[in-house]
Amino acid sequence: MNDIYPAWSEPFAGDGLGAAPHLALTRPISRRWAFGDRSGRGVRVAVIDSGIDAAHPGVGRVDQGVVIELDKTAESGVRVTEGPHDDLYGHGTACAGIIRQLAPDVELVSVRVLGANLKGSALTFANAIEWCIDHGVHVASLSLSTSNEDYYETFHDLVDRATFARMMLVCAMNNERKTTIPSEFAGVFSVACAPGSDRERFWCNPSAPAEWGAAGIDVEVAWLGGETLTATGNSFAAPVIAGHLARIVGTHPDITPWQARTVLAALAENRPATR
Amino acid sequence: MLARLAELADDLDPLATPGELTEQLSALCATARLVLGAAAVSVARVDEDDTGTALVYVAADGVGAAEIIGTRLPAGHGVGGFVVASGQSLAIDRVQDDPRFAREIAESTGYVPASLLVVPITDGGGSPVGVLSVLDRDASAAGSSADALEVATSFARQAAFVLPRIELVVRLGPMLVRAVAEAVAAQDRDLAAGLRRVAARLPESDRELADSAALLAELRDRGPETRAAAERVLAELLALTAPRRRR
(Lines give C-alpha, C1' and ligand atoms only; values in the text may rest on other atoms or scores of the structure.)
Protein backbone atom coordinates (compact mmCIF):
# COMPACT_ATOMS: atom_id res chain seq x y z
CA MET A 1 0.00 0.00 0.00
CA ASN A 2 1.30 3.39 -0.91
CA ASP A 3 1.68 5.52 2.26
CA ILE A 4 2.99 8.67 0.55
CA TYR A 5 0.32 11.33 0.28
CA PRO A 6 0.30 14.76 -1.32
CA ALA A 7 0.55 17.70 1.07
CA TRP A 8 -2.62 18.45 3.06
CA SER A 9 -4.01 14.95 2.59
CA GLU A 10 -2.54 13.61 5.88
CA PRO A 11 -5.71 14.30 7.94
CA PHE A 12 -7.61 11.92 5.69
CA ALA A 13 -5.12 9.08 6.06
CA GLY A 14 -5.58 6.52 8.82
CA ASP A 15 -7.91 7.02 11.78
CA GLY A 16 -6.90 10.55 12.82
CA LEU A 17 -9.75 12.38 11.13
CA GLY A 18 -12.24 13.84 13.61
CA ALA A 19 -16.00 13.95 13.11
CA ALA A 20 -17.34 16.28 10.44
CA PRO A 21 -19.08 19.41 11.77
CA HIS A 22 -22.45 18.13 12.87
CA LEU A 23 -25.73 19.93 13.00
CA ALA A 24 -28.89 17.97 13.71
CA LEU A 25 -31.08 20.06 11.44
CA THR A 26 -34.82 19.91 11.81
CA ARG A 27 -37.15 20.50 8.91
CA PRO A 28 -38.36 23.14 8.69
CA ILE A 29 -35.78 25.01 10.78
CA SER A 30 -37.70 26.75 13.56
CA ARG A 31 -36.79 29.70 15.77
CA ARG A 32 -37.25 27.51 18.81
CA TRP A 33 -34.74 24.98 17.47
CA ALA A 34 -32.28 27.65 16.28
CA PHE A 35 -32.42 30.11 19.18
CA GLY A 36 -33.14 27.77 22.12
CA ASP A 37 -33.73 29.91 25.22
CA ARG A 38 -32.52 33.01 23.31
CA SER A 39 -30.09 33.87 26.11
CA GLY A 40 -26.77 33.58 24.27
CA ARG A 41 -25.34 32.09 27.48
CA GLY A 42 -21.69 31.09 27.18
CA VAL A 43 -21.19 33.05 23.95
CA ARG A 44 -18.41 35.65 23.80
CA VAL A 45 -19.54 38.59 21.65
CA ALA A 46 -17.09 41.39 20.82
CA VAL A 47 -18.07 44.91 19.82
CA ILE A 48 -15.19 46.46 17.86
CA ASP A 49 -16.01 50.14 18.16
CA SER A 50 -15.63 53.21 20.40
CA GLY A 51 -15.80 51.30 23.71
CA ILE A 52 -18.84 50.28 25.77
CA ASP A 53 -20.33 52.10 28.77
CA ALA A 54 -20.75 49.16 31.18
CA ALA A 55 -22.86 51.32 33.51
CA HIS A 56 -25.58 51.92 30.91
CA PRO A 57 -28.78 50.14 32.02
CA GLY A 58 -29.20 48.78 28.48
CA VAL A 59 -25.79 47.14 28.66
CA GLY A 60 -25.57 46.02 32.28
CA ARG A 61 -22.17 44.41 32.19
CA VAL A 62 -18.97 44.26 30.14
CA ASP A 63 -16.94 41.12 30.77
CA GLN A 64 -13.68 42.10 29.12
CA GLY A 65 -12.18 45.18 27.57
CA VAL A 66 -9.19 45.97 25.41
CA VAL A 67 -8.01 49.18 23.77
CA ILE A 68 -6.10 48.93 20.49
CA GLU A 69 -4.53 52.19 19.33
CA LEU A 70 -1.83 53.33 16.94
CA ASP A 71 1.67 53.47 18.43
CA LYS A 72 4.50 54.36 16.08
CA THR A 73 7.06 53.17 18.63
CA ALA A 74 5.64 49.64 18.73
CA GLU A 75 6.99 47.06 16.29
CA SER A 76 3.45 46.05 15.27
CA GLY A 77 2.40 49.69 14.92
CA VAL A 78 -0.26 49.34 17.63
CA ARG A 79 -0.45 49.32 21.43
CA VAL A 80 -2.80 46.79 23.04
CA THR A 81 -4.02 47.60 26.56
CA GLU A 82 -6.38 45.19 28.27
CA GLY A 83 -8.75 46.48 30.95
CA PRO A 84 -11.95 48.48 31.51
CA HIS A 85 -12.41 51.69 29.57
CA ASP A 86 -15.04 54.32 28.67
CA ASP A 87 -17.01 54.80 25.50
CA LEU A 88 -15.81 58.10 24.05
CA TYR A 89 -18.64 58.60 21.59
CA GLY A 90 -21.66 56.47 22.53
CA HIS A 91 -21.68 54.40 19.34
CA GLY A 92 -20.17 51.24 20.85
CA THR A 93 -22.65 51.41 23.72
CA ALA A 94 -25.48 51.61 21.17
CA CYS A 95 -24.25 48.45 19.41
CA ALA A 96 -23.71 46.60 22.71
CA GLY A 97 -27.22 47.52 23.91
CA ILE A 98 -28.76 45.98 20.78
CA ILE A 99 -26.85 42.72 21.28
CA ARG A 100 -27.75 42.63 25.00
CA GLN A 101 -31.43 43.14 24.12
CA LEU A 102 -31.45 40.13 21.79
CA ALA A 103 -29.15 37.81 23.75
CA PRO A 104 -29.17 39.00 27.39
CA ASP A 105 -26.66 36.49 28.82
CA VAL A 106 -23.79 36.86 26.36
CA GLU A 107 -20.29 37.71 27.60
CA LEU A 108 -19.71 41.18 26.15
CA VAL A 109 -16.18 42.06 25.09
CA SER A 110 -15.39 45.71 24.29
CA VAL A 111 -12.61 46.15 21.74
CA ARG A 112 -12.04 49.89 21.48
CA VAL A 113 -10.41 51.01 18.25
CA LEU A 114 -11.86 54.53 17.99
CA GLY A 115 -10.02 56.79 20.37
CA ALA A 116 -9.27 60.45 20.80
CA ASN A 117 -7.31 60.59 17.56
CA LEU A 118 -9.64 61.69 14.77
CA LYS A 119 -8.01 59.43 12.24
CA GLY A 120 -9.34 55.89 12.57
CA SER A 121 -7.00 53.33 11.15
CA ALA A 122 -7.37 50.16 9.12
CA LEU A 123 -4.38 48.83 11.07
CA THR A 124 -6.23 49.05 14.40
CA PHE A 125 -9.37 47.45 12.89
CA ALA A 126 -7.25 44.58 11.55
CA ASN A 127 -5.50 44.09 14.88
CA ALA A 128 -8.87 44.11 16.62
CA ILE A 129 -10.14 41.23 14.47
CA GLU A 130 -6.93 39.32 15.11
CA TRP A 131 -7.23 39.93 18.87
CA CYS A 132 -10.79 38.54 18.78
CA ILE A 133 -9.68 35.40 16.92
CA ASP A 134 -6.86 34.86 19.43
CA HIS A 135 -9.08 35.43 22.48
CA GLY A 136 -11.88 32.96 21.86
CA VAL A 137 -14.53 35.39 20.64
CA HIS A 138 -17.45 33.56 19.00
CA VAL A 139 -19.21 36.51 17.37
CA ALA A 140 -17.57 39.86 16.54
CA SER A 141 -19.63 42.88 15.50
CA LEU A 142 -17.74 45.45 13.43
CA SER A 143 -19.68 48.53 12.39
CA LEU A 144 -16.53 50.04 10.85
CA SER A 145 -14.73 49.50 7.60
CA THR A 146 -11.91 50.93 5.53
CA SER A 147 -11.55 52.00 1.90
CA ASN A 148 -7.78 51.63 2.08
CA GLU A 149 -7.02 49.03 -0.60
CA ASP A 150 -3.55 48.48 0.82
CA TYR A 151 -5.30 46.41 3.48
CA TYR A 152 -7.27 44.25 1.05
CA GLU A 153 -5.08 41.17 1.50
CA THR A 154 -4.63 41.67 5.24
CA PHE A 155 -8.38 41.63 5.80
CA HIS A 156 -8.89 38.75 3.38
CA ASP A 157 -6.44 36.66 5.40
CA LEU A 158 -8.08 37.70 8.67
CA VAL A 159 -11.59 36.88 7.44
CA ASP A 160 -10.36 33.45 6.34
CA ARG A 161 -8.69 32.91 9.72
CA ALA A 162 -11.87 33.97 11.52
CA THR A 163 -13.99 31.59 9.46
CA PHE A 164 -11.64 28.63 10.01
CA ALA A 165 -11.62 29.45 13.75
CA ARG A 166 -15.46 29.44 13.63
CA MET A 167 -15.66 33.09 14.65
CA MET A 168 -18.64 34.81 13.04
CA LEU A 169 -17.55 38.25 11.83
CA VAL A 170 -20.52 40.59 11.34
CA CYS A 171 -19.81 43.79 9.40
CA ALA A 172 -21.99 46.81 8.66
CA MET A 173 -22.01 47.97 5.06
CA ASN A 174 -20.85 51.57 4.73
CA ASN A 175 -23.70 54.11 4.69
CA GLU A 176 -22.25 55.45 1.46
CA ARG A 177 -22.33 53.44 -1.75
CA LYS A 178 -18.62 52.77 -2.08
CA THR A 179 -16.29 49.81 -1.84
CA THR A 180 -15.40 49.02 1.74
CA ILE A 181 -13.21 46.39 3.34
CA PRO A 182 -13.98 43.87 4.81
CA SER A 183 -17.77 44.41 4.78
CA GLU A 184 -18.14 43.24 1.17
CA PHE A 185 -16.14 40.04 1.58
CA ALA A 186 -18.00 36.75 1.14
CA GLY A 187 -16.65 35.42 4.45
CA VAL A 188 -18.33 38.05 6.65
CA PHE A 189 -21.98 38.50 7.58
CA SER A 190 -22.50 41.86 5.83
CA VAL A 191 -25.49 43.87 7.04
CA ALA A 192 -27.47 46.90 5.85
CA CYS A 193 -30.64 48.57 7.12
CA ALA A 194 -34.06 47.11 6.42
CA PRO A 195 -37.30 49.01 7.11
CA GLY A 196 -38.97 48.80 10.50
CA SER A 197 -37.77 48.76 14.07
CA ASP A 198 -38.54 45.18 15.13
CA ARG A 199 -35.19 43.54 15.86
CA GLU A 200 -36.71 40.07 15.83
CA ARG A 201 -37.09 40.37 12.05
CA PHE A 202 -34.28 40.12 9.52
CA TRP A 203 -33.97 39.49 5.80
CA CYS A 204 -31.56 37.56 3.58
CA ASN A 205 -30.51 39.21 0.32
CA PRO A 206 -29.79 36.59 -2.36
CA SER A 207 -27.80 39.22 -4.28
CA ALA A 208 -24.58 40.04 -2.46
CA PRO A 209 -22.76 41.94 -1.09
CA ALA A 210 -25.28 43.31 1.45
CA GLU A 211 -26.23 39.80 2.55
CA TRP A 212 -28.43 40.56 5.57
CA GLY A 213 -30.99 43.26 6.35
CA ALA A 214 -32.14 44.32 9.82
CA ALA A 215 -33.63 47.31 11.65
CA GLY A 216 -31.40 50.39 11.56
CA ILE A 217 -33.50 53.37 10.46
CA ASP A 218 -34.79 55.69 13.20
CA VAL A 219 -34.22 53.05 15.88
CA GLU A 220 -33.87 53.53 19.63
CA VAL A 221 -30.32 52.93 20.82
CA ALA A 222 -28.41 53.27 24.09
CA TRP A 223 -26.02 56.24 24.23
CA LEU A 224 -23.76 58.04 26.67
CA GLY A 225 -24.85 59.00 30.17
CA GLY A 226 -27.43 56.22 30.48
CA GLU A 227 -29.59 57.88 27.81
CA THR A 228 -31.20 56.58 24.63
CA LEU A 229 -31.35 58.23 21.22
CA THR A 230 -33.11 57.69 17.93
CA ALA A 231 -30.45 56.89 15.36
CA THR A 232 -30.05 55.77 11.76
CA GLY A 233 -27.25 53.84 10.11
CA ASN A 234 -26.15 50.41 8.93
CA SER A 235 -24.03 50.47 12.10
CA PHE A 236 -27.15 49.69 14.12
CA ALA A 237 -28.33 46.87 11.85
CA ALA A 238 -25.12 44.82 12.19
CA PRO A 239 -25.50 44.19 15.96
CA VAL A 240 -29.01 42.82 15.29
CA ILE A 241 -27.54 40.02 13.19
CA ALA A 242 -24.73 39.59 15.76
CA GLY A 243 -27.40 39.16 18.45
CA HIS A 244 -29.25 36.48 16.47
CA LEU A 245 -25.98 34.67 15.75
CA ALA A 246 -25.19 34.74 19.50
CA ARG A 247 -28.54 33.05 20.17
CA ILE A 248 -27.72 30.37 17.57
CA VAL A 249 -24.17 29.77 18.86
CA GLY A 250 -25.50 29.61 22.44
CA THR A 251 -27.84 26.80 21.42
CA HIS A 252 -25.51 25.06 18.94
CA PRO A 253 -21.98 25.72 20.25
CA ASP A 254 -20.20 23.73 17.53
CA ILE A 255 -21.93 25.41 14.61
CA THR A 256 -19.71 26.67 11.80
CA PRO A 257 -20.18 30.05 10.10
CA TRP A 258 -21.43 28.44 6.90
CA GLN A 259 -23.96 26.34 8.83
CA ALA A 260 -25.08 29.45 10.74
CA ARG A 261 -25.71 31.14 7.39
CA THR A 262 -28.04 28.33 6.39
CA VAL A 263 -29.92 28.57 9.70
CA LEU A 264 -30.23 32.37 9.50
CA ALA A 265 -31.48 32.23 5.92
CA ALA A 266 -34.09 29.65 6.92
CA LEU A 267 -35.42 32.09 9.53
CA ALA A 268 -35.33 35.21 7.35
CA GLU A 269 -38.56 37.09 6.75
CA ASN A 270 -38.24 36.56 2.99
CA ARG A 271 -37.68 32.78 3.20
CA PRO A 272 -39.65 30.84 0.61
CA ALA A 273 -42.89 29.29 1.80
CA THR A 274 -42.36 25.74 3.15
CA ARG A 275 -43.30 23.11 0.62
CA MET B 1 10.20 92.54 12.90
CA LEU B 2 11.06 89.34 11.00
CA ALA B 3 10.75 87.25 14.14
CA ARG B 4 7.33 88.81 14.71
CA LEU B 5 6.37 87.93 11.14
CA ALA B 6 7.38 84.31 11.70
CA GLU B 7 5.34 84.23 14.93
CA LEU B 8 2.40 85.71 13.11
CA ALA B 9 2.61 82.91 10.57
CA ASP B 10 1.84 80.41 13.33
CA ASP B 11 -1.43 82.20 14.10
CA LEU B 12 -2.47 82.53 10.50
CA ASP B 13 -4.60 79.43 10.15
CA PRO B 14 -8.07 81.02 9.95
CA LEU B 15 -6.84 84.07 8.02
CA ALA B 16 -4.83 82.00 5.58
CA THR B 17 -7.94 80.16 4.45
CA PRO B 18 -8.51 81.34 0.89
CA GLY B 19 -11.70 83.34 0.60
CA GLU B 20 -12.77 81.99 -2.75
CA LEU B 21 -12.63 78.39 -1.54
CA THR B 22 -14.54 79.05 1.68
CA GLU B 23 -17.15 80.93 -0.33
CA GLN B 24 -17.60 77.84 -2.49
CA LEU B 25 -18.11 75.77 0.64
CA SER B 26 -20.53 78.33 2.11
CA ALA B 27 -22.58 78.23 -1.10
CA LEU B 28 -22.59 74.44 -0.90
CA CYS B 29 -23.81 74.63 2.72
CA ALA B 30 -26.57 77.05 1.69
CA THR B 31 -27.76 74.74 -1.12
CA ALA B 32 -27.67 71.69 1.14
CA ARG B 33 -29.64 73.59 3.78
CA LEU B 34 -32.35 74.52 1.25
CA VAL B 35 -32.61 71.01 -0.19
CA LEU B 36 -32.81 69.39 3.24
CA GLY B 37 -34.97 72.12 4.78
CA ALA B 38 -32.45 72.30 7.62
CA ALA B 39 -31.86 74.95 10.29
CA ALA B 40 -28.14 74.93 9.55
CA VAL B 41 -25.47 73.09 7.55
CA SER B 42 -21.75 73.30 8.26
CA VAL B 43 -18.44 71.90 7.00
CA ALA B 44 -15.49 71.21 9.29
CA ARG B 45 -12.03 69.97 8.38
CA VAL B 46 -9.66 67.78 10.36
CA ASP B 47 -6.76 69.85 11.64
CA GLU B 48 -3.59 68.59 13.25
CA ASP B 49 -1.30 70.82 15.27
CA ASP B 50 0.94 70.60 18.34
CA THR B 51 -2.10 70.23 20.61
CA GLY B 52 -3.43 67.21 18.69
CA THR B 53 -6.22 66.67 16.20
CA ALA B 54 -9.43 68.68 16.11
CA LEU B 55 -12.36 69.55 13.89
CA VAL B 56 -12.22 73.17 12.69
CA TYR B 57 -15.42 74.60 11.19
CA VAL B 58 -14.58 76.43 7.96
CA ALA B 59 -18.01 77.14 6.41
CA ALA B 60 -21.65 77.20 7.49
CA ASP B 61 -25.06 78.50 6.58
CA GLY B 62 -28.13 79.05 8.73
CA VAL B 63 -28.67 79.39 12.48
CA GLY B 64 -25.43 79.97 14.41
CA ALA B 65 -23.34 80.04 11.21
CA ALA B 66 -21.30 83.09 12.23
CA GLU B 67 -20.58 81.60 15.64
CA ILE B 68 -19.54 78.14 14.48
CA ILE B 69 -17.05 79.25 11.78
CA GLY B 70 -13.55 79.12 13.24
CA THR B 71 -14.68 76.96 16.18
CA ARG B 72 -12.22 74.24 17.06
CA LEU B 73 -13.62 71.06 18.62
CA PRO B 74 -10.91 68.86 20.11
CA ALA B 75 -10.78 65.21 19.09
CA GLY B 76 -12.20 62.39 21.14
CA HIS B 77 -15.86 63.28 21.48
CA GLY B 78 -18.96 64.44 19.70
CA VAL B 79 -20.89 62.98 16.81
CA GLY B 80 -18.51 64.71 14.36
CA GLY B 81 -15.53 63.12 16.10
CA PHE B 82 -17.08 59.69 15.77
CA VAL B 83 -17.90 60.17 12.09
CA VAL B 84 -14.34 61.25 11.26
CA ALA B 85 -12.76 58.48 13.32
CA SER B 86 -15.03 55.76 11.95
CA GLY B 87 -15.72 56.99 8.42
CA GLN B 88 -19.39 56.07 9.03
CA SER B 89 -22.15 58.65 8.72
CA LEU B 90 -24.64 58.98 11.53
CA ALA B 91 -28.13 60.45 11.89
CA ILE B 92 -29.48 60.94 15.40
CA ASP B 93 -32.58 62.56 16.84
CA ARG B 94 -33.16 63.87 20.35
CA VAL B 95 -29.51 64.84 20.51
CA GLN B 96 -30.14 66.80 23.71
CA ASP B 97 -30.34 63.41 25.39
CA ASP B 98 -26.59 63.17 24.94
CA PRO B 99 -25.56 65.68 27.64
CA ARG B 100 -21.95 65.94 26.46
CA PHE B 101 -23.06 66.72 22.94
CA ALA B 102 -25.58 69.35 24.03
CA ARG B 103 -23.03 71.16 26.19
CA GLU B 104 -20.40 71.09 23.49
CA ILE B 105 -22.62 72.60 20.80
CA ALA B 106 -24.33 75.07 23.12
CA GLU B 107 -20.97 76.39 24.22
CA SER B 108 -19.84 76.95 20.65
CA THR B 109 -22.98 78.32 18.99
CA GLY B 110 -25.69 78.86 21.58
CA TYR B 111 -27.98 76.64 19.50
CA VAL B 112 -28.81 73.05 20.40
CA PRO B 113 -30.52 71.11 17.61
CA ALA B 114 -33.09 68.38 18.13
CA SER B 115 -31.70 66.31 15.29
CA LEU B 116 -28.28 65.99 13.75
CA LEU B 117 -26.99 64.24 10.67
CA VAL B 118 -23.24 64.04 10.06
CA VAL B 119 -21.50 62.51 7.05
CA PRO B 120 -17.76 62.13 6.44
CA ILE B 121 -15.91 64.07 3.76
CA THR B 122 -13.25 61.74 2.40
CA ASP B 123 -10.17 62.24 0.26
CA GLY B 124 -9.34 60.23 -2.87
CA GLY B 125 -7.90 57.43 -0.76
CA GLY B 126 -11.09 57.12 1.29
CA SER B 127 -9.66 58.72 4.43
CA PRO B 128 -11.98 61.18 6.22
CA VAL B 129 -10.66 64.75 5.99
CA GLY B 130 -13.72 66.48 7.46
CA VAL B 131 -17.44 66.29 8.13
CA LEU B 132 -20.63 67.86 6.81
CA SER B 133 -23.23 68.41 9.54
CA VAL B 134 -26.97 68.99 9.03
CA LEU B 135 -28.89 70.43 11.98
CA ASP B 136 -32.65 69.98 12.37
CA ARG B 137 -33.54 68.82 8.87
CA ASP B 138 -37.20 69.09 7.90
CA ALA B 139 -38.49 65.54 7.52
CA SER B 140 -41.16 66.66 5.05
CA ALA B 141 -38.52 68.23 2.79
CA ALA B 142 -35.75 65.70 3.27
CA GLY B 143 -37.75 62.47 3.42
CA SER B 144 -36.60 59.65 5.70
CA SER B 145 -33.33 59.70 7.59
CA ALA B 146 -31.94 57.28 5.02
CA ASP B 147 -32.90 59.64 2.16
CA ALA B 148 -31.39 62.62 3.98
CA LEU B 149 -28.17 60.64 4.53
CA GLU B 150 -27.91 60.02 0.81
CA VAL B 151 -28.50 63.70 -0.06
CA ALA B 152 -25.99 64.88 2.56
CA THR B 153 -23.44 62.35 1.28
CA SER B 154 -23.71 63.75 -2.24
CA PHE B 155 -22.98 67.26 -0.90
CA ALA B 156 -20.06 65.85 1.11
CA ARG B 157 -18.68 64.41 -2.13
CA GLN B 158 -18.67 67.92 -3.62
CA ALA B 159 -17.05 69.37 -0.51
CA ALA B 160 -14.33 66.73 -0.88
CA PHE B 161 -13.01 68.57 -3.96
CA VAL B 162 -12.59 71.84 -2.07
CA LEU B 163 -11.54 70.84 1.45
CA PRO B 164 -8.10 69.37 0.62
CA ARG B 165 -7.20 72.58 -1.27
CA ILE B 166 -8.11 74.65 1.79
CA GLU B 167 -6.00 72.40 3.98
CA LEU B 168 -3.06 72.67 1.61
CA VAL B 169 -3.17 76.46 1.55
CA VAL B 170 -3.70 76.70 5.31
CA ARG B 171 -0.68 74.51 5.97
CA LEU B 172 1.56 75.85 3.23
CA GLY B 173 0.80 79.58 3.71
CA PRO B 174 2.31 80.02 7.17
CA MET B 175 5.19 77.74 6.18
CA LEU B 176 6.13 79.95 3.25
CA VAL B 177 5.90 83.12 5.34
CA ARG B 178 8.23 81.58 7.93
CA ALA B 179 10.63 80.41 5.23
CA VAL B 180 10.78 83.87 3.64
CA ALA B 181 11.30 85.45 7.06
CA GLU B 182 14.15 83.03 7.76
CA ALA B 183 15.74 83.52 4.37
CA VAL B 184 15.67 87.30 4.72
CA ALA B 185 16.94 87.16 8.29
CA ALA B 186 19.85 85.00 7.17
CA GLN B 187 20.49 87.40 4.26
CA ASP B 188 19.98 84.33 2.14
CA ARG B 189 18.11 84.51 -1.16
CA ASP B 190 17.69 80.77 -1.24
CA LEU B 191 14.03 80.05 -0.49
CA ALA B 192 14.60 76.29 -0.60
CA ALA B 193 17.17 76.48 2.19
CA GLY B 194 14.75 78.55 4.29
CA LEU B 195 12.01 75.98 3.72
CA ARG B 196 14.32 73.15 4.71
CA ARG B 197 15.22 74.96 7.95
CA VAL B 198 11.50 75.41 8.68
CA ALA B 199 10.82 71.76 7.80
CA ALA B 200 13.35 70.56 10.36
CA ARG B 201 11.28 72.13 13.16
CA LEU B 202 7.82 71.13 11.93
CA PRO B 203 5.74 68.21 13.18
CA GLU B 204 6.06 65.12 11.03
CA SER B 205 2.68 65.66 9.34
CA ASP B 206 3.81 69.01 7.88
CA ARG B 207 7.49 68.20 7.32
CA GLU B 208 6.78 66.27 4.15
CA LEU B 209 4.84 69.20 2.68
CA ALA B 210 7.61 71.69 3.52
CA ASP B 211 10.23 69.36 2.05
CA SER B 212 8.18 69.03 -1.14
CA ALA B 213 7.86 72.84 -1.32
CA ALA B 214 11.64 73.13 -0.88
CA LEU B 215 12.21 70.61 -3.65
CA LEU B 216 9.92 72.56 -5.98
CA ALA B 217 11.69 75.81 -5.04
CA GLU B 218 15.03 74.19 -5.92
CA LEU B 219 13.68 72.94 -9.21
CA ARG B 220 12.46 76.42 -10.12
CA ASP B 221 16.04 77.67 -9.85
CA ARG B 222 17.26 75.09 -12.39
CA GLY B 223 17.09 75.35 -16.14
CA PRO B 224 14.06 74.22 -18.16
CA GLU B 225 15.79 71.00 -19.27
CA THR B 226 16.47 69.88 -15.69
CA ARG B 227 12.90 70.72 -14.73
CA ALA B 228 11.49 68.69 -17.63
CA ALA B 229 13.72 65.72 -16.75
CA ALA B 230 12.63 65.88 -13.09
CA GLU B 231 8.97 65.97 -14.12
CA ARG B 232 9.48 62.86 -16.27
CA VAL B 233 11.15 60.99 -13.39
CA LEU B 234 8.32 61.99 -11.05
CA ALA B 235 5.64 60.88 -13.50
CA GLU B 236 7.35 57.51 -13.99
CA LEU B 237 7.74 57.03 -10.25
CA LEU B 238 4.09 57.86 -9.61
CA ALA B 239 2.96 55.40 -12.27
CA LEU B 240 5.22 52.74 -10.75
CA THR B 241 4.02 53.25 -7.17
CA ALA B 242 0.30 53.74 -7.93
CA PRO B 243 -1.73 51.25 -5.88
CA ARG B 244 -2.75 48.24 -7.93
CA ARG B 245 -6.51 47.94 -8.19
CA ARG B 246 -7.62 44.43 -7.44
CA ARG B 247 -10.99 44.62 -9.06
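Predicted model: local features only at pLDDT ≥ 70, side-chain atom pairs only at ≥ 80, totals over all residues.
Residues are numbered from 1 along each chain as its sequence is written, while chains are lettered from A and ligands numbered from 1 in the order in which they are written.

**Exercise 1. Describe how chain A meets chain B.**

Step 1. Begin with the strands, which are DSSP runs of E with at least two residues, just as helices are runs of H or I with at least four, numbered from the N terminus. β11(A) and strand β4 (residues 90–93) of chain B pair in the antiparallel sense over three bridges; to pair, two strands need at least two DSSP bridges between them.

Step 2. Now look at the whole interface: 36 residues of chain A are in contact with 31 residues of chain B, contact meaning C-beta atoms, placed from the backbone, within 7 Å. Strand β11 (residues 228–232) of chain A gives the most to its side, with five residues.

**Exercise 2. Find which residues of α4(A) are buried and which are exposed.**

Step 1. Locate the helix: α4 of chain A covers residues 152–164 and reaches 19 Å from its first C-alpha to its last, close to the 18 Å expected at 1.5 Å a residue. That expected span is 1.5 Å times one less than the number of residues.

Step 2. Sort the residues. A residue is buried if 20 or more other C-beta atoms lie within 10 Å of its own, exposed if 12 or fewer, and partly exposed in between, with C-beta atoms placed from the backbone. Tyr152(A), Thr154(A), Phe155(A), Leu158(A), Val159(A) and Ala162(A) are buried. They cover an arc of only 160 degrees around the axis, which puts them on the same side of α4(A); the arc is taken from the directions from the helix axis to the C-beta atoms.

Step 3. Turn to the other side, where Glu153(A), Asp157(A), Asp160(A) and Phe164(A) are exposed. The cover over the buried residues includes α3 (122–134) and β6 (168–172) of chain A.

Terms used. Contact = placed C-beta atoms within 7 Å.
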